[in-house]
Amino acid sequence: MNVDVSVKLNPSLQENLTQREDRLIFQVASDTLRESETTIPKDTGKMRESSIRAGVKGSNKNYYIGSYTSYASRVWDFPDNTHWTTPGTNNRWFERVWKEKGTKITKNAVERNKL
């Protein structure tokens with residue numbers, strides 16, 4: 001048995017849902033950045049500082065976070081056994097935080113953006 005369902009939403013409700021979806025995605029990116037702050041390598045502090053200062057970039061449900069120094073991509077790919085100068089820091093910081101806390105980050109963002 002196949003069932004096709006089509007729902008036409010009131011335009012104002014559709015706009016409201018679109019805005020909420022956008023805020024939810026922004027919130028997930030913001031919370032991921034915030035949770036990553038202490039795991040971003042901090043030798044001189046420039047890479048961590050550039051990430052936090054830049055914040056979440058983008059718009060319209062297309063947001064991203066990053067580390068904006070010329071060397072961040074090299075540090076991102078350092079091996080797991082790297083001796084980090086700051087305890088608790090690591091490679092692939094955003095990815096690691098997302099794997100560990102992504103479900104909680106998403107759940108909290110949804111709770112804060114309920115109808």
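In what kind of crossing, left-handed or right-handed, does α1 pass α4? Please keep that question in mind while we look at this structure, which is a predicted model.

Let me begin with the two helices themselves, α1, which covers residues 11–36, and α4, which covers residues 93–112. They pack at an angle of about 135°, and their axes are 8 Å apart. Angles over 145 degrees would count as roughly antiparallel and those from 65 to 115 as roughly perpendicular, so α1 and α4 are described as oblique to each other. As for the opening question, α1 passes α4 in a right-handed crossing. By class, the contact between these helices has 10 nonpolar, four polar and four charged residues. On the α1 side the residues include Leu 24, Val 28 and Leu 33, and these belong to a set that meets α4 residues including Trp 93, Phe 94, Trp 98 and Ile 105.

Now let me turn to the largest pocket, which has a volume of about 200 Å³. It is lined by 16 residues, and those that lie nearest its centre are Pro 41, Lys 42, Asp 43, Val 75 and Thr 85. If we sort the lining of this pocket by class, we find six nonpolar, seven polar and three charged residues.

Finally, I would like to look at Thr 86, which lies in the loop between α3, residues 72–76, and α4. Leaving aside residues up to four places away in sequence, Thr 86 touches Lys 42, Asp 43 and Arg 48.

Notes:
Residues numbered from 1 in each chain as written. Predicted model: local features only at pLDDT ≥ 70, side-chain atom pairs only at ≥ 80, totals over all residues. Heavy atoms only, no water. Axes fitted to C-alpha atoms, helices over the stretch in contact; angles between N-to-C directions. Helix = DSSP H or I, 4+ residues; strand = E, 2+ residues; numbered from the N terminus. Parallel < 35°, antiparallel > 145°, perpendicular 65-115°, else oblique. Left-handed = near helix turned anticlockwise from the far one by under 90°. Contact = heavy atoms within 4.5 Å. Nonpolar A, V, L, I, M, F, W, Y, C, P; charged D, E, K, R; others polar. 1 Å grid on protein atoms, 1.4 Å probe; cavity = no way out; pocket = protein on both sides within 12 Å on 5 of 7 lines; lining within 4 Å. Points joined across faces, edges and corners; volume = space filled by probe spheres on them.
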